[in-house]
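Hi,

Here is the structure I promised to pass on. Have a look at it first, and then read on for what turned up.

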Amino acid sequence: MDWLIDQIQYWYMWAMPLSGVVTITIPLFVSVAYTTWLERRVIGAMQVRIGPYKVGWQGLLQPWADMFKLIFKEIIIPAGANKVLFVIAPVITLVSAVAAWAVIPFNAELVLSEINAGLLYVLAITSVGVYGVIIAGWASNSKYALLGAMRSAAQIVAYEIAMGFALVGVLMAAKSMNLGDIVTAQQGDYGFINWFMLPLLPLFLIYFISGVAETNRAPFDVAEGESEIVAGFHVEYSGMTFAVFFLAEYANMLLIAALASIMFMGGWLSPFDGFLSAQTLSIPVLGYILDNGMHWFFAKIFIFIFFFLWFRATFPRYRYDQIMRLGWKVFIPITIVWILVVGFMVLGQLSPWWGATA
């Protein structure tokens, strides 16, 4: 009997974390699939086009049709390529984008791994993604792919510095690297006024623009400048190897949007938090909608994703020298100056840190 109990405890110890991983990963992949559908519909509407509408109602089955097409498509590996690294590169990119979700809190209780250095973990694990890009360009044995990889790596490094400095201001304000604590630090009697988005507005804008550049999205998609380097670092990829790069790009978009929501817009906190009475919150449906909850977190992610799509439909692609100048000569100096400003605000106990201790 004791042996049976030990076996149950052993398998339970493994089953619980795995169930949490599956619970997060499957909805994430489904969200990635339908982000592609949303992008085509939103940009189509902005450009007065229809977008996908044939496969399923309003084209809702189009992502699945694309997935099955790529699954059954032949994977062609160039003759001179390093076959092992050629296949590993997209896996590295996707794993780094998905693994970061292990510490993302969906609400006050729901998080796969509650660690104090959650933000440090996210920055470390997402930085690994650039290795997938470089390896893909080098392993393809193609000058176009290598050129795209080098441009993409330089861009990612430049904007990671600005993004990291922007998040330093958040850490100073929240006095914690735990993502749940950062959200809690934005809770107060004044709802959205307590969010870090307002007092850290320059850092918020720099973070989000750097996130667009980090994911190689338009107008920063010089790694895929068709007029210059065909399709960038993944020009030699086809079938599921290309699909994995595609998944990683959209998974990174969702991750940037989730972190922007947590760091600057209160995560799962309601914008009306502190303004509503207990009687209002006790109303069955309305109270649930207006109260803090996971639905606010997802709504904020959707808003940021919409901006990603809006940028692609609106702005032309920048020149490479313009992108590098923006990262090194504009964003980094502004973040350094604003970190000093935030330091004085925290020491002086200014808004939104009333009553904070030095």
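This is a predicted model: local features need pLDDT of at least 70, side-chain atom pairs count only at pLDDT 80 or more; totals for chains, interfaces and linings use all residues.

**Helix pairs**

On the H3 side, the residues are Leu85, Phe86, Ala89, Ile92, Thr93 and Ser96. Their partners in H5 are Gly129, Gly132, Val133, Ile135, Ala136, Trp138 and Ala139. Sorted by class, this contact of H3 with H5 comes to nine nonpolar and four polar residues, with no charged ones.

As for the geometry, H3 covers residues 83-99 and H5 covers residues 129-139. The angle between H3 and H5 is about 160°, and their axes lie 8 Å apart. Angles over 145 degrees count as roughly antiparallel, so that is the label for H3 and H5. The crossing of these two helices, H3 and H5, is left-handed.

The other pair to look at is H6 (residues 143-174) with H14 (residues 320-347). Here the packing angle is about 10°, with the axes 9 Å apart. The cut-off for roughly parallel is under 35 degrees, so H6 runs roughly parallel to H14. In the contact of H6 with H14 there are 22 nonpolar residues, five polar and one charged.

**The second largest pocket**

Which helix gives the most to the lining of the second largest pocket? That is H1, with nine residues. H1 spans 2-46, and both H1 and H13 (294-314) supply at least two residues each to this lining. By class, the lining of the second largest pocket has 16 nonpolar residues and four polar ones, and no charged residues.

**The cavity**

How many cavities of 30 Å³ or more does the structure hold? The count is one. The largest cavity has a volume of about 30 Å³. Around the largest cavity you will find Val103, Val111, Ser113, Glu114, Ile115, Gly118, Asn178, Leu179 and Gly180. That lining splits into four nonpolar, four polar and one charged.

Cheers

Conventions. Residues are numbered from 1 along each chain as its sequence is written. Side-chain values use heavy atoms; hydrogens and water are left out. Helices (H or I, at least four residues) and strands (E, at least two) are DSSP runs, numbered from the N terminus. Ala, Val, Leu, Ile, Met, Phe, Trp, Tyr, Cys and Pro count as nonpolar, Asp, Glu, Lys and Arg as charged, and the others, Gly among them, as polar. Axes are lines fitted to C-alpha atoms, for helices over the stretch in contact, and angles run from 0 to 180 degrees between N-to-C directions. Angles under 35 degrees count as roughly parallel, over 145 as roughly antiparallel, 65 to 115 as roughly perpendicular and the rest as oblique. A crossing is left-handed if the near helix is turned anticlockwise from the far one by less than a right angle, and right-handed if clockwise. Contact means heavy atoms within 4.5 Å. On a 1 Å grid over the protein atoms alone, a cavity is a set of points where a 1.4 Å probe fits but cannot get out, and a pocket is an open set with protein on both sides within 12 Å along at least five of seven lines; lining residues have an atom within 4 Å of a point. Grid points are joined across faces, edges and corners, and a volume is the space filled by probe spheres set on the points.
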